[in-house]
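This note is meant for a colleague who is meeting the structure for the first time. Please read the points below with the sequence and the coordinates at hand.

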Protein chains: 2
Amino acid sequence: MSERSDSDLELYDSPFMRACRREPVPYTPVWLMRQAGRYMREYREVRARTSFLELCKTPELAAEVTVTAVERLNVDAAIIFADILLIVEPLGLRLEFGKDEGPIIHDPIRTAEDVDRLHEVESVESLNYVYEAIRLTRRALSSNLPLIGFCGAPFTIASYIVEGGGSRNYVHTKRLMYTDAGAWNVLMSKISRALVRYLNAQIEAGAQAVQLFDSWVGCLSQDDYRKYVLPHTRSVIESVTHGTPVIQFGTGTATLLELMREAGGDVIGVDWRVDLGDAWRRLGDVAIMGNLDPVALFANRDHVIAQARKILDSANGRDGHIFNLGHGILPETPVDNVIALVEAVHEMSLKSN
Amino acid sequence: MSERSDSDLELYDSPFMRACRREPVPYTPVWLMRQAGRYMREYREVRARTSFLELCKTPELAAEVTVTAVERLNVDAAIIFADILLIVEPLGLRLEFGKDEGPIIHDPIRTAEDVDRLHEVESVESLNYVYEAIRLTRRALSSNLPLIGFCGAPFTIASYIVEGGGSRNYVHTKRLMYTDAGAWNVLMSKISRALVRYLNAQIEAGAQAVQLFDSWVGCLSQDDYRKYVLPHTRSVIESVTHGTPVIQFGTGTATLLELMREAGGDVIGVDWRVDLGDAWRRLGDVAIMGNLDPVALFANRDHVIAQARKILDSANGRDGHIFNLGHGILPETPVDNVIALVEAVHEMSLKSN
């Protein structure tokens with residue numbers, strides 16, 4: 001490791017990075033999942049010229065939308081514009097996005113034989129466009145603004161790979177788990193090893209923190225999570241370059257929080273279904289990210305701010321709170337409410353001393 | 001009230017009814033949500049001749065599929081074949097089912113003006129076909145087999161009425177809640193009054209118990225449930241004919257259980273995300289229904305039975321357990337596994353004395 005430069009120190013001392021380490025902060029840092037997205041005019045203008053997947057694969061554009069969102073919202077962290085499913089291409093699968101932006105994975109993995117045809121990802125070079133986007137973004141961002149890299153968590157990636165897209169009941173995924181635990185574990189291990197390389201390459205390219213999106217893990221019972229998911233998520237988190245904070249995020253995880261904590265990570269992301277104070281009492285010494293309902297942003301501004309206030313009250317000034325939504329911003333969200341939210345979180349949490 | 005006949009007493013003493021009252025039972029009673037459904041050949045044969053809505057509206061056929069399921073599975077209760085959305089027709093809305101069986105409600109209710117055009121349901125006579133199906137079913141069922149009537153809970157009905165069908169994020173529903181609490185409460189009150197009449201008419205026709213399906217309530221935070229939903233659900237449950245057990249069921253309710261208990265009901269239905277023993281410790285003296293993951297039925301028989309065993313172990317022989325799935329049976333479920341499940345629950349829970 002090289003010695004820290006001045007800009008490394010600025011980043012290290014930023015409110016977001018301090019909160020990841022549960023150190024005191026001047027105000028509660030805030031960023032919003034999918035902050036560069038369709039709800040924002042600037043993003044829609046870029047998308048008018050290019051498809052979603054092309055945008056992900058064009059570093060200049062990915063960096064542009066990433067930075068624009070940060071500047072427009074005045075948030076405390078950037079997250080690189082990308083998609084959790086990009087990793088399925090090096091795994092040997094064909095990825096497409098439908099007109100409604102829903103992902104389609106061709107020839108989904110349903111059997112042990114299918115698992116065998118998944119590639120062992122020795123190199124994640126084919127995702128160079130992501131690292132290049134990170135380098136460009138890092139250069140364009142203010143020197144005190146951290147950039148978050150990310151990937152899907154093993155279960156959520158597996159569910160897409162097995163279902164061939166989004167799902168309501170995860171029948172194929174759970175059937176594979178239950179009927180062929182061996183094949184399931186090979187599948188999860190192949191995904192996990194690819195994710196480790198991918199996350200570490202993002203860190204190498206300039207990401208200050210990384211997030212695992214386990215968006216659909218809330219469909220599982222505690223027993224299933226413990227048996228089929230926890231060891232794999234843990235193996236990914238343990239292999240992330242030492243010193244880089246890891247955020248582990250999921251939705252519908254009210255009964256899984258302790259197990260997610262066991263799987264690891266410096267920050268646990270929770271959704272609006274759990275009271276943030278309750279979650280923290282259950283989780284103990286870990287940072288927490290969350291947890292405004294994205295739909296609250298469709299209300300009038302007073303309601304938005306009152307809800308943000310409740311969340312700050314629940315956090316009760318405890319070190320290690322990163323304000324965020326409980327899931328990604330929705331496409332029709334009024335952008336003025338998003339800007340007002342960020343401002344309100346900053347103002348309401350400002351420490352007087 | 002007339003004096004109890006012999007068959008009333010037989011029903012009153014059935015394992016299902018005893019469990020609703022938390023009285024000792026010879027074995028754990030079991031029935032399965034959507035037990036008359038597409039996974040069953042006999043049902044598909046009836047459906048080959050008639051649409052879903054026609055089936056609901058033809059008492060002879062509705063009774064036939066209700067009774068067939070009970071006989072095929074050897075479950076301890078029948079549930080009348082119907083749909084939670086039938087109530088939207090007397091409310092003045094047009095209901096349709098798409099090719100994928102998903103409901104479509106035309107001209108959804110989005111504003112205060114829309115709420116005004118919803119009918120005040122003074123009479124639920126237009127749902128006579130449901131009561132007639134109940135009468136026919138009651139006549140065809142063995143005299144010791146209880147028949148469950150049901151409706152959607154106010155929130156779940158409201159969400160369909162506002163969204164115009166199923167939803168992922170409930171944006172329109174929550175926006176109405178947050179931006180016009182007055183209109184929301186009028187909407188919920190109109191629905192609730194209609195539901196009370198409907199449930200009591202089902203009881204009058206011969207249902208021994210009733211269930212409120214609040215299938216989508218798990219999208220709400222605790223605060224939202226308390227403020228926008230609880231009083232309405234409570235008003236429905238309190239108005240059900242005295243002496244008839246009420247089951248309150250929802251999915252994704254891990255953080256709402258105590259509030260659901262506050263809303264009332266003799267039995268609380270929980271899904272597989274919560275450990276049944278934990279749920280019971282939190283809920284105290286109430287009967288519990290659940291909680292096998294419907295997808296577990298896609299595994300091999302040994303897995304199914306092992307999962308059922310775990311649930312019975314969690315219930316730990318406590319009086320007041322009704323075995324069920326955590327949500328409805330899925331269309332492709334292997335029927336042999338369903339039959340094996342019912343048999344295994346009976347055998348494994350049989351009291352030796």
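Predicted model: local features only at pLDDT ≥ 70, side-chain atom pairs only at ≥ 80, totals over all residues.

1. Helices and strands are named here as DSSP runs, a helix having at least four residues and a strand at least two, and they are numbered from the N terminus.

2. Is Val295(A) buried or exposed? It is buried, because 25 other C-beta atoms lie within 10 Å, and the cut-off for that class is 20 or more. Leaving aside neighbours within four places in sequence, Val295(A) is in contact with Leu330(A) in its own chain and, in chain B, with Asn169(B), Tyr170(B), Val171(B) and Lys174(B). Val295(A) and Leu330(A) are 35 residues apart in sequence, while their C-alpha atoms are 7.6 Å apart in space.

3. For chain A as a whole, there are 15 helices and nine strands, and 53% of its 353 residues count as buried. The radius of gyration of chain A is 19 Å, which agrees with the value near 20 Å that a compact globule of 353 residues would have. Taken along the principal axes, the C-alpha atoms of chain A fill a box of roughly 60 × 45 × 45 Å. Of the contacts in chain A between residues at least 6 apart in sequence, 73% join residues at least 24 apart.

4. Turning to the interface, 24 residues of chain B are in contact with 24 residues of chain A. Which helix of chain B gives the most to the side that touches chain A? That is helix α9 (residues 171-179) of chain B, which gives five residues. By class, this side of chain B is made up of eleven nonpolar, eight polar and five charged residues.

5. How the two chains are related can be stated plainly: chain B is superposed on chain A by a rotation of 180° with 0.0 Å of shift along its axis, at an RMSD of 0.0 Å. That is the relation of a two-fold axis. In chain B, the C-alpha nearest the axis belongs to Ala254(B), at 3.1 Å from it. The same surface serves both copies, since 100% of the contact residues of chain B recur in chain A.

6. In chain B, seven strands form an open sheet with parallel pairing, in the order β1-β4-β5-β6-β7-β8-β9. Its edge strands are β1 (78-79) and β9 (321-325) of chain B, each of which pairs on one side only. Within this sheet, strand β7 (residues 267-269) and strand β8 (residues 287-292) of chain B pair in the parallel sense over three bridges, and Gly269(B) stands opposite Met289(B) in β8(B).

7. Two helices of chain B can be described against these strands. Helix α10 (residues 181-205) of chain B lies across β4 (147-152) and β5 (209-214) of chain B, and runs at about 170° to β4(B). Helix α13 (residues 276-283) of chain B lies across β7 and β8 of chain B, and runs at about 155° to β8(B).

8. Ala344(B) counts as buried because it has 20 C-beta neighbours inside 10 Å. Not counting residues up to four places away in sequence, Ala344(B) touches Ile305(B) and Ala308(B). The C-alpha atoms of Ala344(B) and Ala308(B) are separated by 7.7 Å, although the two residues are 36 residues apart along the chain.

Technical notes. Residues numbered from 1 in each chain as written. Chains lettered and ligands numbered in written order. Contact = placed C-beta atoms within 7 Å. Nonpolar A, V, L, I, M, F, W, Y, C, P; charged D, E, K, R; others polar. Pairing = 2+ DSSP bridges. Axes fitted to C-alpha atoms, helices over the stretch in contact; angles between N-to-C directions. Least-squares fit on C-alpha atoms with pLDDT ≥ 70 in both. Buried ≥ 20, exposed ≤ 12 C-beta atoms within 10 Å, placed from the backbone. Rg over C-alpha atoms; globule rule 2.2 N^0.38 Å.
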